[in-house]
Amino acid sequence: MSKMGSKTSSSVGPLSMTISSYSGGSTISTPRSEGGEVLLSPTMKPFSLLELKNATRNFRSDSLLGEGGFGYVFKGWIDEFTHSASKPGSGIVIAVKKLKPEGFQGHKEWLTEVTYLGQLHHPNLVKLIGYCSEGENRLLVYEGPQPLPWATRLKVAIGAAKGLAFLHDAKDPVIYRDFKASNILLDGEFNAKLSDFGLAKAGPTGDRTHVSTQVMGTHGYAAPEYVATGRLTTKSDVYSFGVVLLELLSGRRAVDKERLGIEQDLVEWTKPYLKDKRRLFRIMDTRLEGQYPQKGAYAAATLALQCLSIEPKARPRMSEVLVNLEELLNAKNVSKDRRILSSPVPQSPRRRHQSRLTPSASPRTPSASPLPTPRQSTQVR
């Protein structure tokens, strides 16, 4: 890594800028010192590099959310009150932007961001929790991605189902073969779009019932009969869709080695609860805070269970899955259940880029996608 020379940091001279705040027309003065030091703010914490390494599991590749000209964004976890590093899944989610010394953003731009976001607070501005300036390292710690509400999760599921149904019902059917959360892109309106068609295969034609091929895909999403025999059908995609639907319900990954025992495998852990109305809440994403229709959640869980049937022929067609999901989103059905808040689906400003789907969060962090790290599809073992 090239060094961030002293010339860069010392180039920040005396500067005072005044801008109008969003409310009341008041002004906020943002002076910077001669040496370019960070102005202390009671709302921000100065993190040490070690703290952020612990929070992001040493900036591991599977914690990577996104990359830009400035550097990398990593997902981390900290205690809600002490802001000390915590275990994944506990505390609150943070997004840590780690600047490249040779990136487009230098110390001056980093300092500007710290100065502004340390004083400006608004629901449509990302919240800066803290920063790190240690040696040549410059990092920013943002509030992590917020959980998607129930209606938005249904919208994502419907969009993805439409994509698969289109492929399966085409004149020349296409089997996607690697359907998973990280292959679903979301635009600014949370419309789902399937990407990464590198493993797609032409479906069977004529009297053929399946396509025989080398087993490729992603562990945790691939249908068991395909892994065992290499026989690929559109019902293989249906199984994978069932896994993603479980991710949307639970807010968990298909495979999570950080968890203990059976909870590492989402399908195996959730199956006993999916057909039990009274116990279904045990696998629902707690970040929804109960704001979902219980009848709708049970219907979605039942649909996921059908998609995950061991017998491929027992799984519904994607066109059938789509019809069921659209019925769940029907306003009349939702309004009949008083256990869901009557709030609209939040709208995000349109972006030039698209974010990949996360079952538990919306794409609010800068240049970051709060998803499980997209991995290259490899041979399923």
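Visitor: Leaving aside neighbours within four places in sequence, which residues is Val93 in contact with?

Guide: A contact list shows what packs around a residue once the chain neighbours are set aside. In this predicted model, Val93 is in contact with Lys75, Gly76, Trp77, Glu143, Gly144 and Pro145. Val93 itself sits in strand β6.

Visitor: Is Val93 buried or exposed?

Guide: The criterion is relative accessible area, with values under 20% counted as buried. Val93 has 15%, so this residue is buried.

Visitor: Which residues does Lys98 touch, and how accessible is Lys98?

Guide: Not counting residues up to four places away in sequence, Lys98 touches Phe59, Phe70, Gly71, Tyr72, Phe74, Asn137, Arg138 and Leu139. The relative accessible area of Lys98 is 18%; because the limit for burial is 20%, Lys98 counts as buried.

Visitor: Which residues of α6 and α7 meet?

Guide: From α6 come Tyr239, Val243, Leu246, Glu247 and Ser250, and they meet Leu266, Val267, Thr270 and Leu274 of α7. By class, this contact has six nonpolar, two polar and one charged residues. The spacing of such lists can be read with a general rule: an α-helix has 3.6 residues a turn, so residues three or four places apart point the same way.

Visitor: How many residues of helix α3 are buried?

Guide: Burial can also be read over a whole element. Helix α3, residues 107-117, is mostly covered, with eight of its eleven residues buried. These are His107, Trp110, Leu111, Glu113, Val114, Thr115, Tyr116 and Leu117.

Visitor: Which residues other than glycine have a positive phi?

Guide: Backbone torsions are read residue by residue, and two cases may be given here. His83 is not a glycine, yet its phi is positive at about 65 degrees. His83 is found in the loop between β5 (71-78) and β6 and is partly exposed, with a relative accessible area of 21%. Phe190, also a residue other than glycine, has a positive phi near 65 degrees. Phe190 lies in the loop between β10 (184-186) and β11, and its relative accessibility of 3% makes Phe190 buried.

Visitor: What separates residues such as Pro149 and Gln291 in sequence and in space?

Guide: One sets the separation along the chain beside the C-alpha distance. Pro149 and Gln291 are 142 residues apart in sequence and 7.8 Å apart in space. Pro149 is placed in the loop between β8 (137-143) and α4 (150-168) and is partly exposed at 32%. A second pair is Ser195 and Phe179, 16 residues apart along the chain, with C-alpha atoms separated by 9.2 Å. Ser195 belongs to the loop between β11 (192-194) and β12 (201-202) and is buried at 12%.

Visitor: How many disulfides does the structure hold?

Guide: The test is the distance between cysteine sulfur atoms. The structure holds zero disulfides. Cys132 is buried, with a relative accessible area of 0%, and Cys307 is also buried at 0%.

Visitor: What do the totals for the chain come to?

Guide: Totals place the local features in context. The secondary structure comes to ten helices and 15 strands. Of the 381 residues, 49% count as buried. Among contacts with a separation of 6 or more, 63% are between residues 24 or more positions apart.

Key:
Residues are numbered from 1 along each chain as its sequence is written. This is a predicted model: local features need pLDDT of at least 70, side-chain atom pairs count only at pLDDT 80 or more; totals for chains, interfaces and linings use all residues. Side-chain values use heavy atoms; hydrogens and water are left out. A disulfide is a pair of cysteine sulfur atoms within 2.5 Å. Buried means under 20% relative accessible area, exposed over 50%, partly exposed in between (1.4 Å probe, protein chains only). Contact means heavy atoms within 4.5 Å. Helices (H or I, at least four residues) and strands (E, at least two) are DSSP runs, numbered from the N terminus. Ala, Val, Leu, Ile, Met, Phe, Trp, Tyr, Cys and Pro count as nonpolar, Asp, Glu, Lys and Arg as charged, and the others, Gly among them, as polar.
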